[in-house]
Amino acid sequence: MMISKVYISHSREDEEMALQLSRALWRVGLESYVALYNLSPAISLAERASFGIRNSECLVALLTKKGSSSPEVCQEIGLARGLDLLIIPLLEEGANLPFLIEHLRPQVFREERYADAIGLLIKTLRELSRLEWLKVTCP
């Protein structure tokens, strides 16, 4: 399974960081969905988020100290869990994981090293796409 579409879950306060991540993913050929708060077309934020999550192979939860308790982020994580989607938490040092993903091992970053964290995330996504254990063969 090749991961080619990623949904970036983030709080309103972290929109610029989410856009930075989205641009980095685009530069390496990965499509990303970001339910932008400042975008106000006829489609609601909830519908944009639902569409983006349902059409992605992976959800990256951008969890900063301010944003990790965002109700929107927690609801997006809940939808992704319900769909059995791969979730990769990108956790700012000092922030807490929402309870639905407490069992996951997050990729921890410091704000001043966010670009490095993005690079590691891209490497992780590429490695996941190449894993042989995702292929099932019968004897």
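A residue counts as partly exposed when its relative accessible area lies between the 20% under which residues are buried and the 50% over which they are exposed. In this predicted model, Arg23 has a relative accessibility of 42% and therefore counts as partly exposed. Its salt-bridge partner is Glu16, with N and O 3.2 Å apart. Glu16 reaches 52% relative accessibility, so it counts as exposed.

The protein contains four helices and five strands. Their order from the N terminus is β-α-β-α-β-α-β-β-α. The chain has 139 residues, and 44% of them count as buried. The accessible surface comes to about 8300 Å². Carbon and sulfur atoms account for 54% of that surface.

The structure holds four salt bridges. Among them is the pair of Arg23 and Glu16 described above. Another joins the side chains of Arg113 and Asp116, at an N to O distance of 2.5 Å. Arg113 has 46% relative accessibility and so is partly exposed. Asp116 is also partly exposed, because its relative accessible area is 41%. A further salt bridge links Glu127 with Lys123. Here the closest N and O atoms are 3.6 Å apart. Both residues belong to helix H4, which covers residues 114–130. They are four residues apart, about one turn of the helix. Glu127 has a relative accessible area of 38%, so it is partly exposed.

Helices H2 (residues 45–54) and H3 (residues 71–82) pack against each other, their axes coming within 10 Å. The axes cross at roughly 35°. The crossing is right-handed. On the H2 side, the contact involves Ala49, Ser50, Ile53 and Arg54. On the H3 side, the residues are Glu76, Leu79 and Ala80. By class, this contact has four nonpolar residues, one polar residue and two charged residues.

Several residues of H2 are buried: Arg48, Ala49, Ser50, Gly52 and Ile53. Of these, Ala49, Ser50 and Ile53 also take part in the contact with H3. The buried residues of H2 pack against three strands as well as H3. The strands are S1 (5–9), S2 (31–33) and S3 (58–63). Ala46 also lies in helix H2. Its relative accessibility is 55%, so Ala46 counts as exposed. The C-alpha atoms of Ala46 and Glu72 are 8.7 Å apart in space. In sequence, Ala46 and Glu72 are separated by 26 residues.

Asp14 sits in the loop between S1 and H1. With a relative accessible area of 5%, Asp14 falls under the 20% limit and is therefore buried. Beyond its neighbours within four places in sequence, Asp14 is in contact with Leu62, Thr64 and Gly67. The C-alpha atoms of Asp14 and Leu63 are separated by 8.7 Å. Along the chain, Asp14 and Leu63 are 49 residues apart.

Leu30 occupies the loop between helix H1 (15–27) and S2. Leu30 is likewise buried, because its relative accessible area is 10%. Apart from neighbours within four places in sequence, Leu30 is in contact with Ile3, Ser4, Leu25 and Leu125. Leu30 and Lys5 are 25 residues apart in sequence. Their C-alpha atoms are 6.0 Å apart in space.

Asp84 lies in the loop between H3 and strand S4 (86–92). Its phi is near 60°. This is a positive value in a residue other than glycine. Asp84 has a relative accessible area of 71%, and so it is exposed.

Methods: Residues are numbered from 1 along each chain as its sequence is written. This is a predicted model: local features need pLDDT of at least 70, side-chain atom pairs count only at pLDDT 80 or more; totals for chains, interfaces and linings use all residues. Side-chain values use heavy atoms; hydrogens and water are left out. Buried means under 20% relative accessible area, exposed over 50%, partly exposed in between (1.4 Å probe, protein chains only). Helices (H or I, at least four residues) and strands (E, at least two) are DSSP runs, numbered from the N terminus. Accessible areas come from the Shrake-Rupley method with a 1.4 Å probe; for residues, only the protein chains shown count as cover. Axes are lines fitted to C-alpha atoms, for helices over the stretch in contact, and angles run from 0 to 180 degrees between N-to-C directions. A crossing is left-handed if the near helix is turned anticlockwise from the far one by less than a right angle, and right-handed if clockwise. Contact means heavy atoms within 4.5 Å. Ala, Val, Leu, Ile, Met, Phe, Trp, Tyr, Cys and Pro count as nonpolar, Asp, Glu, Lys and Arg as charged, and the others, Gly among them, as polar.
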